Amino acid sequence: MENYQFEKKPRVLCLHGHAASANILKKELVLGWPQYLLDKLDLVFLDAPFLLQDKVDAHDIFYPPYYEWYQATKDYKEIYNFEECIQYIEANMEKYGPFDGVLGFSQGAIVAASMPGMQRDRVALTKVPKIKFVMLIAGSKFGGVAWGCPKLASNAFASPIECPSLHFIGEKDPHILNEEELAGCFMNPVVIHYPEGHKVPNLDAERTETVIEFINKVRKIKMPLQGNSKL
């Protein structure tokens, strides 16, 4: 009998958006995604390392505390504390893993998108197994049209990312061009367009089936036994 990495449900680290929390992202997914889809994944939700001090006025149904993965200038051209963010994520991946994939929304998707390239180049995440897929909701690219680039991620998108990727792009999202730019950085990306804005999408049956097909595809990827799966 052949050994496969995904004998169990894929374990996925979930990174919330800016001014949110692990609990908020969990609620957003429960509200928008069918339970039978969520049941196909072993989702682990992580609070970002930095408690947001600014007043947040956009969460009518969600409550504090709110967190952020890093800080940036108002024009988003300078990024601060990104290295500390990645060290924090890696430590939690060691503690709660091993993980098969990473899911991110908004700021969390920006971080998640940069992780396979940094791991490939061995500048970060060298203590944890190779990330086998990413699921990116309303993400953007460091160093793209709208964002500066932290030093640690300076080469993350220097060559096409081979890691399987699933991208959720909102048709009414004001950042749609950034999200399309990000998808273009991955080889053979799977893209789901949805009619909403910058939010976790409500998935209908057709879009849900696309997600399930992606999950089934990455589950079939032959991987070495866990003891040999680190970079």
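What share of the 231 residues of the chain counts as buried? In this predicted model, 51% of the residues fall into that class. The accessible surface of the chain amounts to about 11500 Å², and carbon and sulfur atoms contribute 51% of that surface. The secondary structure consists of 6 helices and 10 strands. When contacts between residues at least 6 apart in sequence are considered, 75% of them join residues at least 24 apart.

The mean pLDDT of the chain is 90, with 89% of the residues reaching 70 or more. Over residues 1–6, however, the pLDDT is below 50, and this stretch has 16 contacts in the model beyond near neighbours in sequence. Residues 223–231 likewise have a pLDDT below 50, and for this second stretch 19 contacts beyond near neighbours in sequence are found in the model. Where pLDDT is low, the predicted coordinates should not be read in detail.

Strand 1, which spans residues 11–15, is mostly covered, with 4 of its 5 residues buried. Strand 1 is joined by 5 bridges to strand 2 (residues 42–46), and the two strands run parallel; within this pairing, R11 has D42 of strand 2 as its bridge partner. Strand 1 is also joined to strand 7 (residues 101–105), here by 4 bridges and again in a parallel arrangement, and in this pairing L15 is the bridge partner of G104.

Helix 6 comprises the 15 residues 205–219 and reaches 21 Å from its first C-alpha to its last, close to the 21 Å expected at 1.5 Å a residue. Its buried residues are T208, V211, I212, F214, I215 and V218. Because these residues cover an arc of only 155° around the axis, they are placed on the same side of helix 6. On the other side of helix 6, by contrast, A205, E206 and K217 are exposed. The elements against which the buried residues of helix 6 pack are helix 2 (35–38) together with strand 8 (133–137), strand 9 (165–170) and strand 10 (190–194).

Residue F50 belongs to strand 3 (residues 50–51). Apart from its neighbours within four places in sequence, F50 is in contact with Y66, Y67, E68, W69, Y70, Q71, N81 and E84. One of these partners, E84, lies 34 residues from F50 along the chain, and the C-alpha atoms of F50 and E84 are separated by 9.8 Å.

N81, another contact partner of F50, is situated in the loop between strand 6 (79–80) and helix 3. Although N81 is not a glycine, its phi is positive, at about 65°. With a relative accessibility of 31%, which lies between the 20% and 50% limits, N81 therefore counts as partly exposed. A positive phi, of about 60°, is also found at R122, which is not a glycine either; R122 is located in the loop between helix 4 (107–120) and strand 8. The peptide bond from G97 to P98 is cis, with omega near 5°, and P98 is part of the loop that lies between helix 3 (82–96) and strand 7.

Technical notes: Residues numbered from 1 in each chain as written. Predicted model: local features only at pLDDT ≥ 70, side-chain atom pairs only at ≥ 80, totals over all residues. Heavy atoms only, no water. Expected span 1.5 Å × (residues − 1). Buried < 20%, exposed > 50% of the residue type's maximum accessible area, 1.4 Å probe, protein only. Arc of directions from axis to C-beta. Contact = heavy atoms within 4.5 Å. Pairing = 2+ DSSP bridges. Areas by Shrake-Rupley, 256 points an atom, 1.4 Å probe, with all protein chains shown as cover. pLDDT = per-residue confidence, 0-100.
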